[in-house]
Amino acid sequence: MSPRPHTEAVKEPSMLLQKQMIARNYDAITSKAESGRKLCSTFVPGNLNELLMCFDLLNNLPEINAIQAGMRKASGGYIVEAEKSGHSEDVCTYVKSDLGMMAKGALAPNGKPFPSPDVLLLSYTGCYTFMKWFELLREQHQCPALMLHVPYQGDGHPTQAMRDYLVQQLKEVIIPGLEQVSGVKFDLDRLRQYLRLSAQAEDDFVWCLEQGKQTPSPIDAYFGGVYYIGPIFTAFRGTTEAIDYYQALRAEIGDRIAARQGPMTPDGVSITQQKYRLVVEGPPNWTSFRDFWKMFADEGAVVVASSYTKVGGLYDLGFRHDPDNPLESLADYCLGCYTNRSLPTRVDLLTRYVQDYQADGLLINSIKSCNSFSAGQLLILREVEKRTGRPAAFIESDLVDPRYFSAANIKNRLESYFQMIKAKKAAQPAAVH
């Protein structure tokens, strides 16, 4: 029996659990007047959720709001609204969606009005656009803005001086600023406890992502991965809820491994006959997420590793939040975010993924309006292809602007790429046993 058509992607139990968690955070945000809690707007890379919880602050993430708008196919109108007020077509579409949303008085996903933040916290991790975005939000909301300036890893590795610089800012700028906004005195032991919970969730999270090394892969580290990263990259790292989520996800993946099943497709069946194993660089397109995902599933392609699942932290390289060195740990986390890493270190990482996850090649989704990801991707493609001997390819789309998603163009490029992989495999000599 062929699977019945769906207007939305069929979701695994862990995906539904993640969706419920995000919904609870929106309920908390939009109920701030009733609860009396203060609200902080911040970003996913360099997200200091454990520190925010020390001050009883709610965590609102503008990128997540834009993603939600994109998946509900509402972002296009918000972007046009922002462009009418003078924002260029080349500006990040997360920014334009967010600004257009505010201009139109758009509601949160739960149908309630978004409240204004009480403070803006910017951990600058390699994306210059974030700074301009927060300048605009500061003008809009007339609230305090705190910036944690994170040095860029130009030489490919952090230094002790960088770490010390960040710790000094945390002590002298960020913590006093959050104390003033919240009226809550900072408690270092409280931070330590949250970091212990973070490290526990991070262990299970890494285990889940690394199962992409299995054959068949029980996970899709791109389309499924956007659900896997939800709790740990947003408002739940440092909570028992995140621990429970990753234990549930781990059990779900373990069941698929035992049954030799692949991840679920948008049509509700698992990809067991996996013809192509891919590493993907760059964020997905959100306005046509299900259609995009289905193009891969229909071809039997599974993403075994991706850079997007590392945008909020490269835990698979060994980093864990450390309660014994709390402020230093927050500094190390911000320094190590994917967008704060140099092109050579990104090339090294993607090469390692292609090799360690036994991928057939690297696919880059080049995002029109995201310079943090897209700058240098042609160099990345050529270098990874040269080092691994496996084919690489480009497709092009955008984050939440539906004008830059051409289904026919992407489908044609994917089909050509899969033919290239098939030809490459056919040309390889048979293994000697």
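Visitor: Across which strands does helix α17 lie?
Guide: This is a predicted model, where local features need pLDDT of at least 70, side-chain atom pairs count only at pLDDT 80 or more, and totals for chains, interfaces and linings use all residues. Residues are numbered from 1 along each chain as its sequence is written, and side-chain values use heavy atoms, without hydrogens and water. Helices (H or I, at least four residues) and strands (E, at least two) are DSSP runs, numbered from the N terminus. Helix α17 spans residues 377-388, runs at about 180° to β7 and lies across β5, β7 and β8.

Visitor: In what order do the strands of the open sheet stand?
Guide: Two strands pair if DSSP finds at least two bridges between them. The pairing is parallel in this open sheet of 4 strands, and the order is β6-β5-β7-β8. The edge strands, each pairing on one side only, are β6 (301-306) and β8 (392-397).

Visitor: Which residue in β7 stands opposite L278?
Guide: Strand β5 covers residues 276-281 and pairs with β7 in the parallel sense over 4 bridges. Opposite L278 stands G361.

Visitor: Is D360 buried or exposed?
Guide: D360 sits in the loop between α15 (343-356) and β7 (361-367). Buried means under 20% relative accessible area, exposed over 50%, partly exposed in between (1.4 Å probe, protein chains only). D360 has 14% relative accessibility, so it counts as buried.

Visitor: With which side chain does the side chain of D360 make a polar contact?
Guide: A polar contact is a pair of N or O atoms within 3.5 Å; within protein, one must be able to donate a hydrogen and the other to accept it, and residues adjacent in sequence count only if both atoms are side-chain atoms. At 3.3 Å, the partner of D360 is K425.

Definitions and conventions
Contact means heavy atoms within 4.5 Å. Axes are lines fitted to C-alpha atoms, for helices over the stretch in contact, and angles run from 0 to 180 degrees between N-to-C directions.
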